[in-house]
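Trainee: I'd like to go through the salt bridges here. Can we start once the structure is up?

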Amino acid sequence: MATTLFFLLFFTPFLYSAAAPNPNAPQDLVRSSCSNASYPSLCLRTLSSYSGPTGTPRDLAQAAVKVGLARARKASTYLKTSVTGKSERERAALSDCVEQMAESVDELSKTLNELKHLRGETFEFQMSNARTWVSAALTYEDTCVDGFEGVDRKVKGDVMKKITNVAMVTSNALYMIRRLDESGSLNR
């Protein structure tokens, strides 16, 4: 009886700690996943503060796309409501950029939908779609910024600041999608 009691008192904490989930595991995954992202500090900041699940590569990919999508929508609204072009060239650049950002939002929305519905038998095809769509979103964002060459410095600066931030989080989303694809699993 004393041996059993000794065993329980001595080994139970070790057994419990081995079986207990690590509450830091999602943050550890965020930290390790972001370390090689295109923009590691931005990745860590946006995904560490993300309120949804971040415990698996799939969760992180979805979270990164959601962050990119939210920022793209916010930038699109900003362009439509807060920036006005004085010259015809500025107005044309803004109009083109609004269209480019709408396309970026569409590509990121398709990506998020695809990531939410991953299936084992079509995983590779779906991951290819996700990579393609996020790459297209990045292209639209870059094209938006490129359209402001030769435009008033203030207007260009305002737009570039917003769109560059969107492109950075979108680039990090592409990295998280590649990590998920490399894991080759729906459950990780």
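Trainee: Where do Asp28 and Arg31 sit, and how many residues apart are they?
Mentor: This is a predicted model, to begin with. Asp28 and Arg31 are both in helix α2, which covers residues 25-34, and they are three residues apart. That separates them by about one helical turn.

Trainee: What do their side chains do?
Mentor: The side chains of Asp28 and Arg31 meet in a salt bridge, at 3.2 Å from N to O.

Trainee: OK, another one. Which residue forms a salt bridge with Lys154?
Mentor: Asp158 does, and the closest N and O atoms are 3.0 Å apart. Lys154 and Asp158 lie four residues apart in helix α7, residues 153-183, so about one helical turn separates them.

Trainee: And how accessible is Lys154?
Mentor: Lys154 has a relative accessible area of 58%, so it counts as exposed. Asp158 has 27% and is partly exposed.

Trainee: Why does Glu121 count as exposed?
Mentor: Its relative accessibility is 66%, and exposed means over 50%. Arg119, at 41%, is partly exposed.

Notes:
Residues are numbered from 1 along each chain as its sequence is written. This is a predicted model: local features need pLDDT of at least 70, side-chain atom pairs count only at pLDDT 80 or more; totals for chains, interfaces and linings use all residues. Side-chain values use heavy atoms; hydrogens and water are left out. A salt bridge is a side-chain nitrogen of Lys or Arg within 4 Å of a carboxyl oxygen of Asp or Glu. Helices (H or I, at least four residues) and strands (E, at least two) are DSSP runs, numbered from the N terminus. Buried means under 20% relative accessible area, exposed over 50%, partly exposed in between (1.4 Å probe, protein chains only).
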